[in-house]
Amino acid sequence: MVASTFIRSSCLVLLLAGGATSRLYAASGAGSEWTTPAGTLEGTRFSTLAQITDKNVARLGEEFTFSTGANGYMEGQPLVANDTMYVVAPFPNQLFALSLSSPGQTRWVFSPRVDEFAFSQACCGQANRGAAYSTSPNNSSNENLVIYATLDNQVFAVNAANGAQVWHTSLGSTRSGQTMTGPAFVVNNNGRDIVIVGNAGAEEGVRGWVTALNAGTGAKLWQFYNTGTDSDVGIDSTFAPYYAKDRGKDLGATTWPGTLYRTGGAVVWNWFTYDSADNLLIYGTAQPAPWDAQMRANPSGSSDNKWSSTIVARDPVTGKAKWAYQVTPHDNWDFDSISESIVTTVPGFNNGAPILGHFDKNGFGYTLDAKTGRVLVAKAFVPVTWATGVNLSTGEPSVVPSKTTAEGVVAQNICPSPLGGKNFHPAAFSPVTSLFYVPANNLCTNKEDLKVNYIPGTPFVGSHLTFAPGPNSATFGGGRLIAWDPTTGTEKWGIAESYPYVGGVLATQGNLVFYGTVDGYFKAVNASTGQVLLSKHYTAPISGNVITFKGADGNQRVAFYTGHPSQIVKGLPPAPANFKPAPGTVHVFKLP
Amino acid sequence: MIMMRTKLAALAFVILPLAMTARAQQLTPAEEGRRLYLSNNCYSCHGDVGAGSAYGAPALRFDGVEFGDLSEAIREGEDRGMPPFPALNNSTAINNLYAYFHSMGSSSEPVFYRWWDALPLAGVKPPARLYVLATDKRLRLTVH
């Protein structure tokens with residue numbers, strides 16, 4: 001049981017809102033350092049730094065760049081601690097430590113020994129979504145650690161000062177099809193850090209799990225699956241899902257045909273968040289395996305295929321599940337629920353209790369009560385054709401029958417596509433505006449399910465897809481940066497972008513929102529109005545997530561990655577002239 | 001002689017439909033190769049029609065496939081993420097896959113997806129190849 005848990009690298013602050021109305025409210029924001037993937041454990045990607053504001057951001061200039069030399073999808077973000085920037089490169093996942101006092105100079109490089117076989121086991125690019133920083137590992141020498149997972153299922157802890165390996169733990173074989181592309185996540189329990197990781201490979205029929213390791217030694221503290229019996233999943237008498245549809249014994253097994261849940265996907269390859277008020281570790285699970293929904297139909301009862309496409313809340317110390325909300329039961333459309341569930345409060349809403357903002361691949365923006373998983377608001381944030389809405393009483397989506405899929409039959413015009421209304425790129429929340437900022441995609445698909453054989457180490461998918469731009473793409477955009485009111489489920493403003501996969505967003509106290517695009521634009525916009533205040537164009541895609549921090553001179557910086565493009569699919573506008581993928585590179589900006 | 005030719009012609013008239021029926025139950029090597037390509041999940045890594053995918057596996061459609069390389073890859077796998085395929089490690093499967101890869105881009109490239117059907121319909125262009133059993137060379141027909 002956690003007696004006291006403090007929030008790493010973030011602080012509860014009382015802020016005065018800008019604009020005509022002054023309000024007092026609590027929020028979580030990063031400060032001079034960035035020591036967890038989202039800046040805060042709540043996942044807000046909000047910074048209290050305000051040297052850079054909507055008044056001066058247009059003067060930002062590039063201070064330095066650093067190339068990792070590795071081609072691959074740069075889907076993560078750097079860490080910053082103790083005057084050092086830490087960058088995890090794409091596979092083979094070198095870790096670079098860069099000096100901020102001598103900007104861009106390399107302090108050290110850690111090169112893990114990795115299994116090359118992992119390279120083509122990852123369905124969707126050899127991505128790495130970032131490291132986490134541990135200052136209380138409680139190991140023998142008690143040094144600060146940078147901890148991250150490599151594609152080939154290893155977790156490494158590296159001495160943050162000198163790059164020496166402190167420990168590494170192997171969490172599986174690539175021969176099964178399993179990889180690890182997600183971020184490490186560190187929470188503190190009574191002065192000792194715990195590192196949380198998840199696995200990837202639902203497209204390979206990998207069975208999803210979440211694992212907690214002792215940050216000081218790498219020893220496994222707990223591991224639970226996301227499919228199977230209650231014992232497998234870590235469900236006991238304290239498990240209290242809000243909705244009746246999510247209650248019952250062994251649903252992680254009984255909602256599947258036979259033992260298909262053992263190759264059932266529901267992996268965890270994206271962001272974790274932490275609700276300190278309720279002591280809950282929150283994450284979403286991937287889609288069920290295989291994509292062929294007909295193979296997952298259960299002749300004996302429910303075909304929900306739990307706990308795939310589900311938001312799960314666990315006790316971070318014991319791993320026991322406290323609640324779960326299955327967002328898309330019996331998923332037909334590859335709607336992972338791996339989007340982050342950002343923890344925050346909004347004054348006057350939900351009686352001031354913490355809420356979660358979750359923007360699902362299925363195209364609906366959810367506002368949930370963090371303690372119980374009850375859905376308070378669920379509205380489409382992109383064009384949606386597979387369902388007409390979400391019933392707030394039952395928690396069930398209202399599925400459109402013509403959009404369900406079947407073997408050998410082409411289900412047409414399914415929106416959003418399997419790339420999601422939003423994918424791995426994270427949203428941000430600003431307590432200045434009480435808005436979420438969501439990087440959205442506008443694509444649709446025709447999907448034909450195919451029978452598929454399970455062959456270990458090969459894709460267990462069973463699908464033929466074609467993509468097309470979503471409705472009204474000329475005005476809505478192929479991608480879009482959406483400012484979203486979680487209390488009403490409405491867009492306050494939006495910026496249409498040419499391409500999907502708008503990058504991960506940063507919001508700051510300076511009334512700014514930063515993001516990048518696949519066609520190479522780095523933008524800063526007014527968080528209240530959406531006015532574009534800065535637009536820098538690169539000839540390489542921006543596919544990572546923007547962060548901010550203070551440099552050695554005490555001045556604020558902003559940093560992001562350019563690199564190999566994330567999945568760009570056919571049916572989109574052609575790439576602009578001079579657009580060329582390049583090795584993953586960090587760009588750091590500051591005011592003159 | 002004319003009567004013989006008539007009889008032979010009549011015989012061909014009977015045999016041709018039978019041959020067509022028999023032939024229609026068989027796929028070509030390339031078509032069987034397509035079936036293997038789908039049923040063994042090759043398409044997920046190498047692309048629906050061999051044009052590559054986000055897995056980073058070679059785009060066989062453009063890269064070309066040497067018979068020896070294909071045999072070795074099936075037998076031993078590849079270092080960067082392809083497992084061996086013992087179920088395909090036989091001459092029939094390898095020959096069929098080879099035929100499929102070398103049909104890519106041609107008018108005879110099979111493009112069906114319902115690999116589990118006894119006779120996948122899409123991509124099987126009528127008429128199927130006809131082989132007429134006859135002793136008279138004038139009646140030995142091969143239709144492509």
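This is a predicted model: local features need pLDDT of at least 70, side-chain atom pairs count only at pLDDT 80 or more; totals for chains, interfaces and linings use all residues.
What does Arg61(B) pair with? The side chain of Arg61(B) meets that of Glu109(B) in a salt bridge, at 2.8 Å from N to O. The two residues come from distant parts of the chain, 48 residues apart: Arg61(B) sits in helix H4, residues 60-63 of chain B, while Glu109(B) belongs to the loop between H6 and strand E1 (130-131) of chain B. Glu109(B) has a relative accessibility of 7% and therefore counts as buried.

That pair is one of 24 salt bridges that a search of the whole structure finds over all chains. I shall describe a second example, this time in chain A. Arg207(A) forms a salt bridge with Asp232(A), and their closest N and O atoms are 3.0 Å apart. Here too, distant parts of the chain are linked, 25 residues apart: Arg207(A) lies in the loop between strand E14 (192-198) and strand E15 (209-214) of chain A, and Asp232(A) lies in helix H1, residues 230-233 of chain A. Arg207(A) is buried, at 16% relative accessible area, whereas Asp232(A) is partly exposed, at 25%.

Let us now turn to the interface between the chains. How many residues does each chain bring to the contact? Chain B contributes 22 residues and chain A contributes 32 residues. Between them the two chains bury about 2,200 Å², with 55% of that area on carbon and sulfur atoms.

As to charged pairs across this interface, the count between chain B and chain A is one salt bridge. Its partners are Glu116(A) and Arg80(B), whose side chains meet at 3.2 Å, N to O. In terms of position, Arg80(B) is in the loop between helix H5 (67-76) and H6 of chain B, and Glu116(A) is in the loop between strand E8 (106-110) and strand E9 (132-134) of chain A. Arg80(B) is partly exposed, with a relative accessible area of 40%, and Glu116(A) is partly exposed as well, with 39%.

Which element gives the most to the side of chain B that touches chain A? That element is helix H3, residues 42-46 of chain B, with three residues. By class, this side of chain B has eleven nonpolar, six polar and five charged residues.

I move next to a neighbour of H3 within chain B. Helix H2, residues 29-39, has nine of its eleven residues buried, so the helix is largely enclosed by the rest of the structure. Among the buried residues are Ala30(B), Leu36(B), Tyr37(B) and Leu38(B), and the list also includes Glu31(B), Arg34(B) and Arg35(B). These buried residues of H2(B) pack against H3 and against helix H6 (91-103) of chain B. Just after H2(B), Asn41(B) takes a positive phi of about 70°.

My last topic is the cysteines. The structure holds two disulfides over all chains. One of them joins Cys123(A) to Cys124(A), with an S to S distance of 1.9 Å. This link is left-handed, with -90° about the S-S bond. Is Cys123(A) buried or exposed? At 18% relative accessibility, Cys123(A) counts as buried; Cys124(A), at 31%, is partly exposed.

Another disulfide is formed by Cys415(A) and Cys444(A), whose sulfur atoms are 2.1 Å apart. The link of Cys415(A) and Cys444(A) is right-handed, with 105° about the S-S bond. Cys415(A) lies in the loop between strand E27 (410-414) and strand E28 (428-430) of chain A, and Cys444(A) in strand E30 (443-449), so the pair ties together parts that are 29 residues apart in sequence. Both Cys415(A) and Cys444(A) are buried. Counting bonded cysteines along chain A, the pattern is 1-2, 3-4.

In chain B, Cys42(B) is in no disulfide; its nearest cysteine sulfur, that of Cys45(B), is 8.4 Å away. Cys42(B) is buried, with a relative accessible area of 14%. Cys45(B) is likewise in no disulfide, and at 13% relative accessibility Cys45(B) counts as buried.

Thank you for your attention.

Conventions
Residues are numbered from 1 along each chain as its sequence is written. Chains are lettered from A and ligands numbered from 1 in the order in which they are written. Side-chain values use heavy atoms; hydrogens and water are left out. Contact means heavy atoms within 4.5 Å. Buried area is the accessible area (1.4 Å probe) that two parts lose on being put together, summed over both. A salt bridge is a side-chain nitrogen of Lys or Arg within 4 Å of a carboxyl oxygen of Asp or Glu. Helices (H or I, at least four residues) and strands (E, at least two) are DSSP runs, numbered from the N terminus. Ala, Val, Leu, Ile, Met, Phe, Trp, Tyr, Cys and Pro count as nonpolar, Asp, Glu, Lys and Arg as charged, and the others, Gly among them, as polar. Buried means under 20% relative accessible area, exposed over 50%, partly exposed in between (1.4 Å probe, protein chains only). A disulfide is a pair of cysteine sulfur atoms within 2.5 Å.
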